[in-house]
Every structure is written in C-alpha cells, then in structure tokens.
Amino acid sequence: MTYGFHESVFETITIPNTEFPLYDDCTLAFFLGFRNKTLWHLLHNKENNYRVFHIPKSNGRKRVIHAPSPIMQSVLHSVHARILLPMESKLGDHVTAYRPNRSIMDAVARHIPECPTCDSVPKGEVAKKHDCPRKGAYIKMDLKDFFPNTRRAWIRHLFQDEGYSHHVSGLLANLMTVPFVNPRGVPGDNYKGTPRQKFLAGVPQGAPTSGAICNLVANTRIDTPLLAYFEKKNAEGGLQAPWDWRYSRYADDLTITCGKDLPLGEKKQVVRDVTEIVERARYRVNRSKTKITSAFYRRKMLGVVMNQKLNIAYDEYLRIRAIVHNCMVNGVDTQYARAGKESPEKLIQFLRGKVSFISSVHPGKGEKLKSELDVAIQNWKEKNDPPQH
C-alpha cells in the first residue's frame, strides 16, 4: 500500500510537559507533537491515509475496517494519549471496553451480585434451593453500527462541552472520523435524503482513537440517561443491592440485570423504555439481538457463562480444546482448513486469543491449553523454519 504523503510530514517536534490553551490549529498541532502541515495534510487527504478492507460478520454481512497509515496512526495515538485518556476519568464503572486496566471480567462481575449461599458452595457441588439474586432478570441488547453511527457533530459538541473552541473541536472531530457512503447508517431504514447527505462522517473501526471517543460520546448521550432511569426504578421499587437494577455497556453490548425475577411483561417494558432512550439519542437498537432470559436458562455475557459463578461455556471450551490437541498431535498445517482459517498463522493467532480469554476466566483450564498450544506452535516452527547453517 502506497500512502499519498511526502516524507517531510513525518517530522515531529518536542513539546514541553506543560498545559496551555488550544486556541487554533497551530497550538493543537504543537500540543500533539507534530507540525501544522502534518495536521492539515491528514485532514485533506484522508482517502490516502486509510486502507479500507472488509471482514465477514457472523450474520453474513461485512464489517468495514479502516487501517490508518503510519503517520495517521501516530497522530491519532497522540490524540488518544494526550486528550482522550484524561477525559476517560469521567467514565464510571459501567463502561469497561477500550479502557486501560479494564477487561471483560470487570463487565461481567458487575452483574454477579453477592450471594453468601452460592459463594460458600464447595467446588463441584450445587447450591441448595434458595432465593438467589443471581437468578433474577437478565436483558441483553445490542447497538447497531455503533462506530459509523457515532457522528462527527456529536464529537464536536463533546469537545465544545469540555471547553475547547469551536475551531479546535471541529479539527479533532474531523481527525477522528471518515465519510461513510452508506444510507443505512442513517437512523431509520427508509433513507430519503439527498446524495450529498449520504456522506455522513462516522468513526472508523481500526483507528486508535475510535473506541475511546465512541465511549465518551455514548456515555453522554445514552449511558447517563439510562443510569438515571435505573436509579429511578430502584428508588420507586425500593430495591437495594444485591436486588437492584444494574446497567453496563461493553462497546455496543448493553447488559441489564435485576436481582428480582420479574414478570415477563415488566421486563419487556424495560426493553421498550431503554429502546426509546437509545433511539431518542439517535443510536439504533439491533432488535434481532435483544434477549430476555429467565432464571431457568444459561446466561451468557460477552462469552462468559454467569449463572452462579463465572465460567467458560462448556461446548466452546471442548471445541477449542479439541483444536489445540489436534494441532499438538497432528500439526498445525493439518488443522487450519478444518478450523475454517486461511493459513496456519491465522489459526495460531485465533487460538492464542481464545486461550488467553479462557485463561482470564478459568486460569486452570487456560494454563493447560496454553502449554499444549506452545508445544504445537514450537513443532510447527521447527518444521517450517529452514535449518540454520
């Protein structure tokens, strides 16, 4: 891939460790550690500073990925470190995605209330029948097109509310967005705007600033009103921990739980209320992914089973264990096609991610899988690396 910029735009400058007002493009570029011409080059040549490709979704559709050029990546890393990270201190514990020192386990643990009976059960045994707050209401919802639906205007308003000037707010919003030619990205399926209105700027997936800025915008537009809504419901119902309503958002996944197993009609009303709040903020709910689970079914949040204790779904664990074992016994080269991967390298990358995730949930299972995977990878490298003379 050849990016359309001159080598001189790579020049950076050293800035002092002091805070000063960002009045215009010059002070913004200086604060980020780059020259002003670099900033304007990136703003005017976005099409040459992103490599666009698609990856398949589980539903058969394609996800648009924007891979930034080296200089765009460097500038956006600076924006993330110097501007966005300090702003993330305003995010509460209900947001865990794309944040340092936060993980999926933090998101799931928020919805596992304390239960002395369940916590005192020895490993391998089942708790006796009791009134358990972990068997209450469980609602899972999903936002549609979370990244591209986060508008440039919303980002500009966010920075203006933080005290940045209109000019600097617009520059930052432009840096962190790209145009999408996609009328379905507009709230509402029946798009009737002009061709010019199709080019709505949204946040690209693949940029280092995207997760953080989407978190900050969504926190203002939907998290704050939703937290107020559930606080009001707890007050009206007299619900306190561990029986209270709880809300969290992991990127575009909304999770709502309550210690009380309420009637289905009441849970459906909560879904309608949440949908109204989300769509009033001009996000969209993926209604096909909304799930309301009762206490009698397995609950799964972000790949983690969370009925009484956190665990990996057993069928998923067996599948990964079988692939890892076959790789160790028969070789990675014989398994990547069977696992649906394009190459041995893709399979190794996939398995490393899965084993790391399993280790974070269940260290015992993960450690055993990691040792087998290390053996498989070592055997594959010895087989494919040329002998050294």
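1. Basis. Residues are numbered from 1 along each chain as its sequence is written, and side-chain values use heavy atoms, with hydrogens and water left out. Because the model is predicted, local features need pLDDT of at least 70 and side-chain atom pairs count only at pLDDT 80 or more, while totals for chains, interfaces and linings use all residues.

2. Overall make-up. The protein chain holds 12 helices and 11 strands; these are DSSP runs numbered from the N terminus, helices being H or I with at least four residues and strands E with at least two. Of its 389 residues, 45% are buried (buried is under 20% relative accessible area, exposed over 50%, partly exposed in between, with a 1.4 Å probe and protein chains only). Taking contacts (heavy atoms within 4.5 Å) between residues at least 6 apart in sequence, 66% join residues at least 24 apart.

3. Main core. In soluble globular proteins, nonpolar side chains tend to be buried together. A nonpolar core is here a set of buried Ala, Val, Leu, Ile, Met, Phe, Trp, Tyr and Cys residues joined through side-chain atoms within 4.5 Å. The largest has 65 residues, and those with the most contacts inside it are Leu-84, Ile-213, Trp-245, Val-274 and Tyr-283. Helix H8 (residues 210-237) supplies the largest share of this core, 10 residues. Leaving aside neighbours within four places in sequence, Ile-213 touches Leu-84, Ile-155, Leu-158, Phe-159, Met-176 and Val-203.

4. Second core. A separate core of 27 residues includes Met-105, Ile-323, Leu-351 and Leu-373. Leu-351 is also among the buried residues of H11, along with Pro-344, Leu-347, Ile-348, Val-355, Ile-358 and Val-361.

5. Helix H11. This helix (residues 344-361) has 18 residues and spans 26 Å from its first C-alpha to its last, close to the 26 Å expected at 1.5 Å a residue; the expected span is 1.5 Å times one less than the number of residues. Seen down the axis of H11, the buried residues fall within an arc of 150°, so they line one face of the helix. The arc is that of the directions from the helix axis to the C-beta atoms. The packing partners of these buried residues are helix H4 (104-109), S10, S11, helix H10 (314-330) and helix H12 (363-384).

6. A three-stranded sheet. S9-S10-S11 is the order of an open sheet of 3 strands with antiparallel pairing, where two strands pair if DSSP finds at least two bridges between them. Its edge strands, S9 (300-301) and S11 (311-312), each pair on one side only. Strand S10 (residues 304-305) pairs with S11 over 2 bridges, and Val-305 has Asn-311 in S11 as its bridge partner.

7. Salt bridges. The count is 13, a salt bridge being a side-chain nitrogen of Lys or Arg within 4 Å of a carboxyl oxygen of Asp or Glu. Arg-246 and Asp-244 meet at 3.1 Å, N to O; Arg-246 is buried at 18% relative accessibility, and Asp-244 is buried at 15%. Arg-102 and Asp-93 have their closest N and O atoms 3.6 Å apart, with Arg-102 partly exposed at 30% and Asp-93 exposed at 52%. Glu-279 and Arg-287 form a salt bridge at 2.9 Å, N to O. Salt bridges that share partners join Glu-316, Arg-319 and Lys-354 into one network.

8. Asp-253 belongs to strand S7 (residues 253-258) and is buried, with a relative accessible area of 16%.

9. Backbone points to check. The peptide bond from Ala-241 to Pro-242 is cis, with omega near 10°; Pro-242 sits in the loop between H8 and strand S6 (245-250). Two residues other than glycine have positive phi: Asn-101, near 65°, and Ala-251, about 60°. Asn-101 lies in the loop between helix H3 (70-87) and H4 and is exposed at 80% relative accessible area. Ala-251 lies in the loop between S6 and S7 and is buried at 7%.
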